[in-house]
Amino acid sequence: MMTADTHVVALHEIVARNQVWPRMAAKYGVENPVPPWKTSLDGLCDALDHAACGAGVPTFQDRRDEEDVLAATVYSELPYPESQLVALAHSLLSRGIISEGELVQRLSVIRARLEG
Amino acid sequence: MADHHGHDHDHDRTVKPMVDEITDFEVLEIALRELCIEKGIFTAEEHRRFTEFAEQIGPAPAARLVARAWLDPGFKALAIAEPLTASREVGVDWLEPTGFGTPSDFTAFQILVDTPTVHHVIVCALCSCYPRPILGNSPEWYRTPNYRRRLVRYPRQVLSEFGLYLPEDIEVRVQDSNQKNRFMVMPMRPDGTDDWTEDQLTEIVTRDCLIGVALPRVGVTANVVVDTRPAMHPSGE
């Protein structure tokens, strides 16, 4: 099973590209304190909590504990809420809810769609 | 076809700047969401409803509740005895905050009333439970292990880090929240507000006052900003 120590290549590539909101906002002169995907992430977390009774989905407390550990260690370079998002991805991967292969493929498909 | 851009205003001056590139984080959020939906963990409709809930919540209802309680002793008594009823009077239905269910297994809400000798402050030491329907999303610092662990052990020290120094003769009560029990603080009405309207009073009841890390003050309508982590990515880097 994947743990906090597990190196997830796909997530580390995202960290390395460093498109974090403080940099993006400064680069384009945007004043919003948080990125536009933040409320959708909140909705995603609430939907997960709502569904947490089955299918090995992490509970609110599981996610909180794992985010604390991951944000302080593996993803300590990331600001919030990027750290929250990447820690959530790590938690879902570590439980096998999503595989790294399907995540990589989906990232590619979505980027092509958004850039199309 | 007519040229719709033959008019004489400058779009650069009327449109706010936007981030003009697709970030990996934006893509990752969509990917996780789509994969969860495809695996049947939740539906697109559930996600949409929870996102709308997250977009519209904020501390305004709680601030209004406190301001009204300051002006109306009957409403204050209601807020203490029947906080869910008082919440509904400021537009918050705790039992159906999203209109189709709650984002947690919440069962109880209580308003902690400060007195001249007792000051309350809320925390969730275990995770980061917060009275979201009436106070909005929690600030980043509320979620940090630093606040959650230290407030319980060293409340006066942590409050001083927010700029709140309380005399020794005021008891500090730290109220720990959990997924079933949520709390908010009703601070004392400050001096100098005798003739104020409900709207005026509402403006000085900030989110920080409702958590208990600040006291309402005349002229202060913004929250204390607390750096919760070093600046990893300074502007212009």
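1. In this predicted model, helix α4(A) has 13 residues and reaches 18 Å from its first C-alpha to its last, close to the 18 Å expected at 1.5 Å a residue.

2. As for the interface as a whole, the contact takes 61 residues from chain A and 52 residues from chain B. The size of an interface is often given as the accessible area lost when the parts come together. Here the area buried between chain A and chain B is about 5200 Å², with carbon and sulfur atoms giving 63% of that area. In chain A, the residues that lose the most area to chain B are Tyr28(A), Asp46(A) and Arg106(A), which together account for 12% of what that side buries.

3. Between chain A and chain B the count is 22 residue pairs in polar contact, with both residues at pLDDT 80 or more. The elements of chain A that give two or more residues to the side touching chain B are α1 (9–17), α2 (21–28), α3 (38–51), α4, α5 and α6. Of these, α3(A) gives the most, with twelve residues. By class, that side of chain A has 32 nonpolar, eleven polar and 18 charged residues.

4. Turning to charge pairs, the count comes to 27 salt bridges over all chains, and ten salt bridges are found across the interface of chain A and chain B. One is formed by the side chains of Lys39(B) and Glu102(A), which meet at 2.9 Å, N to O.

5. Arg111(A) forms a salt bridge with Asp24(B), the closest N and O atoms being 2.9 Å apart. This pair crosses between chains, from Arg111(A) in helix α6 of chain A to Asp24(B) in helix α2 (residues 24–38) of chain B. Are the two partners buried or exposed? Arg111(A) counts as buried because its relative accessible area, 18%, is under the 20% limit, and Asp24(B) is buried too, with a relative accessible area of 7%.

6. A pair within chain A gives another setting: Asp62(A) forms a salt bridge with Arg95(A), their closest N and O atoms being 3.7 Å apart. The pair links distant parts of the chain, with Asp62(A) in helix α4 (residues 60–72) and Arg95(A) in the loop between α5 (82–94) and α6 (100–115), 33 residues apart. Asp62(A) counts as partly exposed at 28% relative accessibility, and Arg95(A) likewise counts as partly exposed at 26%.

7. Within chain B, the side chains of Arg33(B) and Glu29(B) meet in a salt bridge of 2.9 Å, N to O. The two residues are separated by about one helical turn because they lie four residues apart in helix α2 of chain B. An α-helix has 3.6 residues a turn, so residues three or four places apart point the same way. Both Arg33(B) and Glu29(B) are buried.

8. On chain B itself, the secondary structure comes to twelve helices and four strands. Of the 237 residues of this chain, 47% count as buried. Among contacts in chain B with a separation of 6 or more, residues 24 or more positions apart account for 68%.

Definitions and conventions: Residues are numbered from 1 along each chain as its sequence is written. Chains are lettered from A and ligands numbered from 1 in the order in which they are written. This is a predicted model: local features need pLDDT of at least 70, side-chain atom pairs count only at pLDDT 80 or more; totals for chains, interfaces and linings use all residues. Side-chain values use heavy atoms; hydrogens and water are left out. A salt bridge is a side-chain nitrogen of Lys or Arg within 4 Å of a carboxyl oxygen of Asp or Glu. Buried means under 20% relative accessible area, exposed over 50%, partly exposed in between (1.4 Å probe, protein chains only). Contact means heavy atoms within 4.5 Å. Buried area is the accessible area (1.4 Å probe) that two parts lose on being put together, summed over both. A polar contact is a pair of N or O atoms within 3.5 Å; within protein, one must be able to donate a hydrogen and the other to accept it, and residues adjacent in sequence count only if both atoms are side-chain atoms. Ala, Val, Leu, Ile, Met, Phe, Trp, Tyr, Cys and Pro count as nonpolar, Asp, Glu, Lys and Arg as charged, and the others, Gly among them, as polar. The expected span of a helix is 1.5 Å times one less than its number of residues.
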